[in-house]
Every structure is written in structure tokens, then in C-alpha cells.
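Visitor: Hi, I'm new to this one. Can you put it up and walk me through it?

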Amino acid sequence: MKQVLAITLLGAACTFWSSQPLRGTGFLGPLFVVLASACVAGGALRVARKEVDREDRLFLPGLLLRLGYAADDVLNAVGWESGSVVCIIVLEALHPSRPWHSGVLGVALMCYLLAVHRGESTIAVGFLRGQVRFLGLGLASLALASALATIPSAGTGGLSAGLEAVAALAALAAVALALPL
Amino acid sequence: MPQTGRENRTASREMAGLMPQSTPFRSIDVELHWAVSKHARRLGHLAIAALALAVVAGRPGLVAIALPALALLGARSSSRPKTVHIDLTPSARRIYEGEQVAVTVQVTGHGDKAAELALRLALGAEPVKGFDRARSSSAVLRYQVTQWGRARPGVVEVALWDRCRVFESRTFVRLPEVACYPLPSPHREAIALGRLANRAGDHTARSRGEGVEFTGVRQYVAGDRQRSINWAASTRRGRLQVNTFAAERPQDVVLLIDATSDVGELGSGPLDLAMRGAVGVARTYLAARDRVGVVIVGANTLWLPPNMGDRQLHRIMDAVLSSHAGWTAGHQIGGLPRQALPPGAAVVAFSPLLDTKFVEALRYLRERNFSVTVIDVLTSQHERRARHGERLAQRLWSLERQALRFSLGELGVTLVDWDGSSALSFPGRSVTTNKAGAAR
């Protein structure tokens with residue numbers, strides 16, 4: 001139950017952090033807050049449901065039971081955590097530039113995903129020991145990127161546009177590398 | 001029926017020597033199929049969303065969000081093994097209902113990959129809380145078998161992960177088959193026939209012999225033992241008197257199990273009660289050094305000739321596990337050989353009396369002068385909220401059953417109701433009314 005609570009709190013904190021300030025985001029802000037909250041709740045419910053002993057399904061269930069089975073199937077089929085992560089990042093992108101804010105959100109989102117992974121596989125915290133080096137590398141680069149993002153742009157000249165293009169290409173390359181398949 | 005600790009220990013002792021120990025029951029090499037884990041997919045979604053929005057919205061700060069996820073996804077892990085070796089060693093392969101089985105699972109050849117073991121059990125087996133999963137490559141997992149029978153209780157799921165949990169491999173290994181015997185029902189009273197076989201046994205016969213039960217005194221004749229002289233009676237009567245004792249004889253008991261129908265709830269239906277009752281009765285009679293045989297009438301009619309000893313109890317239980325509910329035309333009680341139904345044997349039948357062919361078999365046995373006792377194991381109750389037509393049908397069915405029971409009673413068949421909630425006993429049947437072998 002502790003893990004479900006941790007997942008819920010971390011998810012809610014990420015949603016709240018990325019939505020602040022909600023003013024000035026139009027109708028998209030509240031919409032994504034609702035979507036992110038629903039996804040966080042769905043993910044927490046899925047992990048909580050996993051902890052409860054499941055009874056064998058009846059061969060010929062009644063209407064209510066059939067609805068329950070369908071809800072259970074939906075709960076397991078939907079990628080709630082992925083949905084909540086995307087919604088939270090969209091919420092963050094709705095605001096004007098604030099690199100340090102995004103850096104903190106990045107750390108919180110990693111914690112959220114690690115908590116979800118721990119909750120669904122019931123592993124000990126010790127599993128982080130093997131990946132400390134990579135987590136450290138990721139956090140260091142996150143801090144570096146956030147710091148670099150705070151440096152004001154060189155202007156609107158040709159060099160600036162070129163750098164932006166290089167940055168975009170680098171981002172695309174990173175996306176390609178990030179694809180698990 | 002709950003089993004006491006003492007009965008549990010007794011059951012374990014009975015099993016001693018029959019269970020293979022120490023050597024792994026299953027020792028197999030399993031091919032692994034590695035796939036991207038859910039965790040990695042989520043990290044990928046986070047990175048893609050952050051980078052895409054950074055480009056689309058022109059927000060370089062969002063790239064920072066993707067970097068920790070990319071660092072984990074790009075971590076180079078040591079080579080992933082293609083196969084692992086898995087050993088499964090069950091603590092017991094023959095148990096009674098409700099007993100626990102501990103399976104030692106050992107996974108080797110997985111290198112530095114993290115392993116997680118979990119039990120996935122089928123119907124009739126339940127995990128023991130706290131012992132159904134482990135976070136290591138070697139563990140003892142426990143489960144409880146709740147339903148008698150010979151079945152595979154489920155599988156062990158072996159999950160392997162690389163260092164950053166990006167790739168995972170899940171393998172399922174079937175648990176070894178366990179023979180789960182019906183829990184013997186408590187049974188204290190035993191029926192002793194009036195006419196017993198002419199061998200040494202434990203039942204007090206009506207004839208005189210060398211037992212311990214005192215029956216009277218008679219005048220001394222040449223050849224009588226000196227130690228059996230009753231000096232008090234001799235002094236009173238003025239002539240030598242000797243004590244006489246009852247002979248102790250064994251009997252043949254044939255358990256007739258009706259497996260023609262399997263109705264009611266799983267685990268508490270008439271067939272379950274019949275099997276538990278039969279095993280309990282067999283244990284009682286075998287403990288009294290009687291010869292016990294079994295005839296199971298079902299889809300495959302099985303019989304075991306009466307015999308003595310603990311081995312016979314296990315033979316009976318194995319026969320019980322080999323039986324299948326149903327009816328096959330052509331299998332008739334009358335067609336059984338003489339060894340299966342020795343003349344003069346006490347027949348204890350367990351039946352819900354739902355199948356007319358089985359009832360005819362009971363009549364056939366009684367007409368051939370077998371002492372027949374029927375344990376009625378039908379436990380299902382009528383539905384209280386039945387409609388008018390259903391109530392009428394139930395009433396007619398009840399009347400039919402009453403008539404059937406009356407006709408069996410008229411033939412001299414003793415009927416005992418038993419629902420499994422109490423110890424099985426045969427009221428008023430401590431000695432049968434079978435024609436006496438008469439005292440000499």
C-alpha cells in the first residue's frame with residue numbers, strides 16, 4: 001500500500017508542479033491537468049489492484065460482474081503512466097521558458113516512473129544500486145542542460161538559427177537512440 | 001473437514017518412505033526470450049515526448065527532462081544469456097488435502113541478471129502468503145493443495161532483468177505433478193460381522209477360541225491348559241473348571257464407491273465426501289488388521305481385492321486418484337471376479353443414491369447375502385426461493401428418494417446419512433445381524 005501511496009503522491013506532485021501557474025494557459029491547461037490526474041489515478045489503481053488477490057472469473061457472469069471484468073481489462077490494457085508523463089510534459093511546455101523548473105520536473109518524473117516500476121514488480125529498493133551510475137550521469141546531464149538553457153540566446157542572426165537547427169537535429173538523433181526497438 | 005495436528009503427523013508418517021527426496025524432480029535448460037520491459041517503454045515515451053515538445057515548442061529546457069531517461073535506456077549492459085538452468089525440487093509428491101508443498105527453485109546460468117520468482121497456481125491450489133514469490137534466483141516457494149486429485153498445480157514464473165531493467169525475460173516452468181489424496185474423514189466405530197473368516201484377527205467372534213474376551217467357565221477336560229483353570233469356580237463346584245474365551249477373527253471389508261455422478265460444489269460434493277469417507281473407513285479397518293478392498297464404479301470401474309496393511313491403504317488411495325466420474329455401459333457389479341467381492345464380506349457403499357444402476361447393484365449385493373451399509377453422501381440442499389413448479393418437482397423427487405430408501409431398508413440395507421461435518425459412525429451397527437456363525 002505504501003508503494004501505491006508513493007506513486008499517487010509523486011504523480012500528483014508532478015501534475016501540480018507542471019501546471020503552475022495555471023493562469024494564461026487557456027483551456028488547454030485545465031484539460032491536461034484533468035487528463036494527467038486521471039492517468040495518475042488509473043496507474044495507481046492498476047498497481048493497487050495488482051496487490052489484491054484476484055478471484056477466478058466466472059464463466060457466465062451477470063451484467064454488473066461483466067462490467068467489472070471489462071473495467072479491469074481496461075485498467076490493465078491502458079498505458080496510464082505513459083499518458084500521465086506525456087500530459088505533464090505538455091503542461092510544462094504550455095508555460096514560457098523556465099529551465100530550472102523543467103529540471104526539477106525531470107527529476108520528479110524519473111522518481112515517479114521508478115516508483116511505478118517498483119510497485120508493479122514488487123522489487124526491493126536495492127534494484128537501484130545497479131543503475132546508480134547511469135542515474136547519476138542522467139541527473140548530471142539534466143543539471144547541465146538546465147544550466148545551459150538559462151544562458152540567453154545569441155540573437156536572431158544566422159549563427160543562432162544554425163545552432164537551433166543543430167539542436168533540433170541532435171534532439172532527433174537522441175529520439176532515434178531513445179527508441180527501445 | 002479440518003485435520004488435527006496429530007492426524008497430520010500420522011499422515012506424514014504414512015507417507016514416509018514413499019516420497020523421493022533430495023534429487024531435483026525437474027532439472028531443465030530453458031531458452032530465454034528477451035524483450036523490452038514496460039519500464040523501458042515508459043522511459044522511452046518520456047524521452048520522446050520531452051524531445052518532441054522541445055523541438056516543436058522551441059524550448060531547449062525540456063530536453064533536460066529527457067536526459068535521465070536516455071541515460072538509462074542507453075546504458076550498455078553485459079551480454080544477455082540465451083539459456084538458464086532451472087532446478088525444481090518439491091518437498092513431497094504425495095500429500096493429503098490441505099497439506100503444504102514447498103518447492104525449491106534454483107536458477108543458474110543467469111550471470112549478474114536480477115531474478116524474480118513467482119508462483120502462478122491453477123484451480124485447486126492456493127499460495128501460502130509470503131511464500132509465493134521471491135526476489136532471488138534461489139528460493140523456497142510454498143503452496144497448499146485444497147482439492148484431492150492428480151493434477152499439475154500450476155507454474156513457476158521466472159523473470160530475469162538486466163542491470164537497468166530495460167530488457168526482461170519471462171519464462172514459465174511447470175510445477176511437478178502432485179498426487180493429493182482425499183483427507184481421511186474421522187471414523188471411530190467399525191462394524192464387526194456376525195460371521196467372520198477363520199483366521200487370526202482383532203474382532204471378537206461368537207465362537208470360542210484363544211482371545212482375551214472372557215465368555216464363561218466349563219468343566220475341565222484332559223488337554224486343557226493348567227493356566228486357564230478358574231480356581232475360585234473349581235473350589236465352589238468341587239470339580240476343576242476352566243475359563244473360556246471368545247475367538248478373535250478378521251473380516252473382509254469391501255468399500256463400494258459410487259463415482260457415477262459428480263454433483264455439487266467443487267471440494268464438498270458427494271464424490272468428494274465419498275472418497276474422504278472411504279479412505280477414512282479403509283484406514284480404520286486396516287488398523288484393526290482387517291482385509292479391505294475397494295470397488296469404484298464410475299467411468300472406469302476399478303477394483304482392488306481385499307488385503308491388509310499400510311500398503312493396501314496407499315493402493316486404495318491410488319485407485320481413488322485414478323477413478324473418473326461417469327458411467328460406462330457394460331460395467332456390472334455382477335461381472336466382478338470373486339476376489340473383488342469375497343463371499344461374506346462386509347460391503348460399505350458410499351453413494352448419493354442418484355444413479356438407478358448403482359442402486360440396482362446394491363440390491364444385487366444384498367440379494368447375494370452381503371452385509372451392505374450405505375453411506376448417503378448427498379449434501380446439496382433445495383433452493384429456498386424455488387418457484388411453484390420447482391417446489392413441486394422437488395417434493396416429488398424427495399418422495400421418490402424416500403421410497404427408494406424404504407425399499408433398500410426393507411431388503412436389509414442399512415442407510416446412514418453423512419454430510420462430512422462430523423465423524424462417520426454407524427449407529428446401531430456395532431455388530432451386524434448377519435446370520436450367526438453361532439457359538440459352539
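Predicted model: local features only at pLDDT ≥ 70, side-chain atom pairs only at ≥ 80, totals over all residues.

Visitor: Okay, which residue of β5(B) does Asp87(B) stand opposite?

Guide: That's Gln106(B). Asp87(B), in β3(B), also has Ser27(B) opposite it.

Visitor: And which strand pairs with β3 through six bridges in the antiparallel sense, besides the one you named?

Guide: Strand β1 (residues 26-31) of chain B, which pairs with strand β3 (residues 83-90) of chain B.

Visitor: New topic. Where is confidence lowest and highest in chain B?

Guide: Among its elements, helix α1 (residues 5-15) is lowest, with a mean pLDDT of 40, and helix α4 (residues 231-237) is highest, at 92. Chain B as a whole averages 80, and 83% of its residues score at least 70.

Visitor: Which stretches have pLDDT under 50?

Guide: One is residues 1-22 of chain B, where the model has 17 contacts beyond four places in sequence. Another is residues 430-440 of chain B, with 30 such contacts. For the model overall, ipTM is 0.83 and pTM is 0.68.

Visitor: How many residues are in contact between the two chains?

Guide: On chain A, 47 residues are in contact with 44 of chain B. The elements of chain A that give two or more residues to that side are α4 (80-93), α5 (99-121), α6 (132-149) and α7 (158-178). By type, the chain A side has 30 nonpolar residues, 13 polar and four charged.

Visitor: What about the largest nonpolar core? Which residues touch the most other members?

Guide: Those are Leu255(B), Ile257(B), Ala278(B), Ala282(B), Val347(B), Ala349(B) and Leu362(B), out of 75 residues in the core. Helix α5 (residues 270-287) of chain B gives the most, with 10 residues.

Visitor: And where does this core lie?

Guide: Domain 1 (5-32 + 80-181) and domain 4 (252-417) of chain B both give residues to this core, so it lies between them.

Visitor: Pick one member. What is Ala349(B) in contact with?

Guide: Beyond four places in sequence, its contacts are Leu256(B), Asp258(B), Leu362(B), Val372(B), Val374(B) and Ile375(B). Apart from this core lies another, of 51 residues, including Ile7(A), Cys14(A), Met110(A) and Ala71(B).

Visitor: Last one: why is helix α3 of chain B largely enclosed?

Guide: Because 11 of the 11 residues of α3 (residues 63-73) are buried, the rest of the structure largely encloses this helix. Among the buried ones are Val63(B), Pro68(B), Ala71(B) and Leu73(B).

Terms used: Residues numbered from 1 in each chain as written. Chains lettered and ligands numbered in written order. pLDDT = per-residue confidence, 0-100. Helix = DSSP H or I, 4+ residues; strand = E, 2+ residues; numbered from the N terminus. Contact = placed C-beta atoms within 7 Å. Buried ≥ 20, exposed ≤ 12 C-beta atoms within 10 Å, placed from the backbone. Nonpolar A, V, L, I, M, F, W, Y, C, P; charged D, E, K, R; others polar. Core = buried A, V, L, I, M, F, W, Y, C linked by C-beta atoms within 7 Å. Domains from an automatic or database assignment. Pairing = 2+ DSSP bridges.
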